[in-house]
Amino acid sequence: MHGVPDHAEPPQTRPPGSAEAAAAPRASRRPVKAVLFDFHGTLAQVEEPRRWVLEAAAACGVSLDPVRATSLADRLLTAG
């Protein structure tokens, strides 16, 4: 990639008070070793499953008891 080094940048060798040091960017980058992408709970579940089942049912005008909502949430998680 252009503009992004694939290695750590060397430390600045200019004296701290010099004009060059003041004008130079101070960005320090570390190499990227990994990137993790997640799509809606594929790797990490962010929401409590029973809660979103209850909210989805309520949005459709259906009232579920907590036991039924838990059962449906478990089935959805199992199905992926």
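**Terms and values**

Tutor: The count comes to 1 salt bridge, a salt bridge being a side-chain nitrogen of Lys or Arg within 4 Å of a carboxyl oxygen of Asp or Glu. This is a predicted model, in which local features need pLDDT of at least 70, side-chain atom pairs count only at pLDDT 80 or more, and totals for chains, interfaces and linings use all residues. Residues are numbered from 1 along each chain as its sequence is written, and side-chain values use heavy atoms, with hydrogens and water left out.

Student: Why is the pair Arg-51 and Glu-55 called a salt bridge?

Tutor: The closest N and O atoms of Arg-51 and Glu-55 are 2.9 Å apart, which is within 4 Å, so the pair meets the definition.

Student: What makes Glu-55 partly exposed?

Tutor: Its relative accessible area is 43%. Buried means under 20%, exposed over 50% and partly exposed in between (1.4 Å probe, protein chains only), so the term applies.

Student: Why is H2 called roughly perpendicular to H3?

Tutor: The axes of H2 and helix H3 (residues 66-79) come within 8 Å and cross at roughly 110°. Angles of 65 to 115 degrees count as roughly perpendicular, under 35 as roughly parallel, over 145 as roughly antiparallel and the rest as oblique; therefore H2 is roughly perpendicular to H3.

Student: How do you know that the buried residues of H2 are on the same side?

Tutor: Pro-49, Val-53 and Ala-57 are buried in H2. They cover an arc of only 70° around the axis, which puts them on the same side of H2.

Note on methods. Axes fitted to C-alpha atoms, helices over the stretch in contact; angles between N-to-C directions. Helix = DSSP H or I, 4+ residues; strand = E, 2+ residues; numbered from the N terminus. Arc of directions from axis to C-beta.
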